[in-house]
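Reader: Hi! Could you walk me through how the helices pack and how the chains and domains touch?

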Amino acid sequence: MSLQGITYLVVGLTFALYIGIALWARAGSTKEFYVAGGGVHPVLNGMATGADWMSAASFISMAGLIANMGYGGSLFLMGWTGGYVLLAMLLAPYLRKFGKFTVPQFVGDRFYSKGASTVAVICLLAASLTYIIGQMTGVGVAFSRFLGVSNTTGIFIGMGIVFMYAVFGGMKGITYTQVAQYCVLILAYTVPAIFISLQLTGNPLPQLGLGSDMVGSDVALLTKLDQVVTELGFAKYTTNTRLSTLNMFVYTVSLMIGTAGLPHVIVRFFTVPKVKDARASAGWALVFIAILYTTAPAVAAMAQMNLLKTITPGIVAGTVDVTASDAQIKYDDRPEWMKRWEVTGLLKFEDKNGDGRIQYYNDKNKDPKFAAAGWEGNELTVNRDIMVLANPEIAMLPNWVIALVAAGGLAAALSTAAGLLLAISSAISHDLLKEKFMPDLSEKGELLAGKIAMACSILVAGYLGLNPPDFAAGTVAIAFGLAASSIFPALMLGIFSRTMNKEGAIAGMLAGLGVTMLYVFAHKGLFFINGTEFLGLFGGKANFFFGIEPNAFGAIGACVNFAVAFAVKRMFPAPPEEIVALVESVRIPRGSKEIGGAH
Amino acid sequence: MQHDSIGYWKATLALIRNVLIVWFVVSYGFGILLAPMLNNISLGGYPLGFWFAQQGSMYVFVALIFYYAKAMGKLDEKFDVHEE
C-alpha cells in the first residue's frame, strides 16, 4: 500500500477509536461526561491530563525548535515540566479544596467582586486565544503534509475539523477518550524515536541514545553533532544559549509559572475526588508528560543529525572537507521526503550560486571559507515545525511509522485545540454573559452563545495562524507568558495572602497583562496582525528590555503584577472577615466536598 | 484549633520552601547558571550541564512532586486535618 493510503488508514482507525470510546463512555454515565476524572484511577487521570496538555506545540513543534536551538531549547523542556511542581504544591490542592469549576469563579469569590472575575475572564481569553493560534499553525502543518496540500489549505481544512471536533464533542470531557489519545500520541512519538536511536547509536532508549556513541565509532553523538554544526558555521549544539543567560532564565520562569496559570490545565485538578488526589495526580500527569519530554531532546538532536547526513553525507562521515565541491548532495538527487514537503511550501530550496547542489549553512557567519568556496548564501529553508513529522521520513523508517506520526500529530493538535475552545466558550457564555450581563439567559441560549464564541475563536485563530507570530511552540510560549503575567499571580495572592483585597488583585492583573501585551505587540504587531509592530515607540530596537525577547516577557509581567497588587492594596480597605476565613479554610484539606454535576 | 492551624500552615510552607530549593537548584542552578561549568564534566556522552537541562531536571521534578504529596499526607495526619 502507498504511504498516502496507509496514512489515511491509520488516521482513520485512530479517529474511529476515539469516537467509539466516546459513544461507549457517554452511554455509560452522564456524570462522567461533566466531571472529567471523577472516580477514575489517578494513573488514568494522569494520562488524560497528559493528552490535554501536550498539544501541537509539544508534539509537532518543540523538538524541531530544539534541533535548531540546541542547548537553548532546554528552556521549553524545563519550562513546560517544572511548572507542574508549582502547580502541584502552590495551586492544585487549594483550588480543589475551594471547590468551584473555573478560574474566574475562584477569582470572583476570593476577591469578592464580579469585576475581578470579569478581569480574570479577559486574561483567560487573551491566553487561550493566543494558544489556539499556535495550535492552528501546528494543525496547518499536520494537515498540509497529511493531505499533500499547501500550508494555507491545510489551515483551512484544519479549522473546519477542529470546529466539528469541538462543537460535537463533549468528547473532550470524557477521560477515556483522552487516555486513548494519550496512547496514540505517545506511541507515535516514541516508536520512531526508538527506531532512530537504534539506527544512530545502537541504543534502543532515546534518553540513553542521546548520550551514547555513534554506531561504528567511538565518538559521542553530541560531540559529533557539535563538530558538524560548527563546521557549517552554526553555534555549538550543546552550549548554544538562547540569546543570553538572563533571557533563557527569564523565558524558563515565564513558561513555568504560565503552566501553573493556564486555565484548561488547572481545571483538571478541580475535579479529582479529594485534595490528596489533587497533589498526586499532578505527579502522575508529569510522569506521562515526561515520557515525551525526555524523548524530545533525543528526537531533536537525532533529527538534526539525520538532516545533515542527508544533505552533506561526506561531512558527517568526516571523509571530505566542508567546502569541497562534492560535499553537498545535488538538488536533483534529493530524497523523496524533500519532494513531499516542498509541496506544502514549508521546505524551500533556492539555488543561489547555480551549482545545482544544496548548500545548507549559517550564512550570517562570515568565515571566509564559505565565500572562497563560491557559496552565496544558505539555500535550504526548513520550517522548524516540520521536523518531527518529517523525522521518520528522513530516517527512512517504514511507512506505517510515518503514518503513525501523522495520526499522533493530529491527536495532539485536535485534543488541545478542542479543550481550549471549550474553556473559551464556557468563559464567554457562563462566566461573562450569564453571570454578568444576562442573568436570565436560558440554558439553550448559553449553549448557543458558547458555540458562536467557539466559531469566532476558530476564525480569528485561523486567520492569524496563516501569518503566525512565531513557530507553533513560540506562539504557545507567548500564550504562557500572558497566563503567567495575569492569572498565576492572582491565584497565588488569593491563596497565600490573607490580606490581599479586590482592588490590589484587579490592578495587578490589569497591569501584568497590559505590560506583557504591550511588549509582545510592540514586537509581533497589534493583536498579532502583520505590519502593525510599533517598536519605533521604544527606540526601534528588538528585545529592548535587557535583551529579553517578547516570548519570555511573561515573567517580567508577573513581577509587575505582584508589585502593583501590593502597592494598590495599601490604599484600600482590607478584605472582609468572611474572606479571610475563606482563605484559611482553603488551606486545610478537611471538609472538602465532592464536586458533582454540571455548572 | 487556632494554634494547630497556624502550626500546620507553617509546616506546609517549610515543606514547600524545601522542595522549591531543590527545584531551583536542578533547573536554574545546574541547568542554566552553572551549566557552562558543569559541562566540563561528562556523563557518558552528555556534558553534565546539558544533561541537567535536557534530562536530569525533569526526572527530579517528577520525584519532587511525589515526595511532596507523600510528605503532605503525613503532615495532614500529624495535625489531624486529613480528609475522612
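This is a predicted model: local features need pLDDT of at least 70, side-chain atom pairs count only at pLDDT 80 or more; totals for chains, interfaces and linings use all residues.

Author: Happy to, with a definition to start: axes are lines fitted to C-alpha atoms, for helices over the stretch in contact, and angles run from 0 to 180 degrees between N-to-C directions. Helices (H or I, at least four residues) and strands (E, at least two) are DSSP runs, numbered from the N terminus. Residues are numbered from 1 along each chain as its sequence is written, while chains are lettered from A and ligands numbered from 1 in the order in which they are written.

Reader: Great. At what angle do α5(A) and α13(A) pack?

Author: About 55 degrees, and the axes of α5(A) and α13(A), residues 263–270, are 8 Å apart. That makes the pair oblique, since angles under 35 degrees count as roughly parallel, over 145 as roughly antiparallel, 65 to 115 as roughly perpendicular and the rest as oblique.

Reader: How do α22(A) and α23(A) cross?

Author: At roughly 150 degrees, with the axes of α22(A) (502–524) and α23(A) (554–569) coming within 7 Å. That makes α22(A) roughly antiparallel to α23(A). Their crossing is right-handed. Among the residues in contact are Gly504(A), Gly508(A) and Gly512(A) of α22(A) and Gly554(A), Gly557(A) and Phe566(A) of α23(A). In this contact, 12 residues are nonpolar, 7 polar and 2 charged.

Reader: What about α7(A) and α20(A), what is the angle there?

Author: Roughly 60 degrees, and the axes of α7(A) and α20(A) (443–466) come within 8 Å. The two helices are therefore oblique to each other. The handedness of this crossing is right-handed.

Reader: Switching topic: how many residues does the contact take from chain A and chain B?

Author: Chain A gives 43 and chain B 37. On the chain A side, α5 (74–98), α11 (221–231), α12 (245–259) and α14 (275–311) each supply at least two residues. α14(A) has the largest share, 12 residues. That side has 22 nonpolar, 14 polar and 7 charged residues.

Reader: Nice. What does the domain assignment of chain A give?

Author: Domain 1 (3–306 + 393–586) and domain 2 (312–387), with bounds from an automatic or database domain assignment. The domain centres, taken over C-alpha atoms, are 34 Å apart. In chain A, 25 residues of domain 1 are in contact with 19 of domain 2. α4(A) gives the most to the domain 1 side, with 7 residues.

Reader: Last one: what are the scores of the model?

Author: ipTM is 0.95 and pTM is 0.92. Chain B averages a pLDDT of 93, with 96% of its residues scoring at least 70.

Definitions and conventions. A crossing is left-handed if the near helix is turned anticlockwise from the far one by less than a right angle, and right-handed if clockwise. Two residues are in contact if their C-beta atoms, placed from the backbone, lie within 7 Å. Ala, Val, Leu, Ile, Met, Phe, Trp, Tyr, Cys and Pro count as nonpolar, Asp, Glu, Lys and Arg as charged, and the others, Gly among them, as polar. pLDDT is the predictor's confidence in each residue, from 0 to 100.
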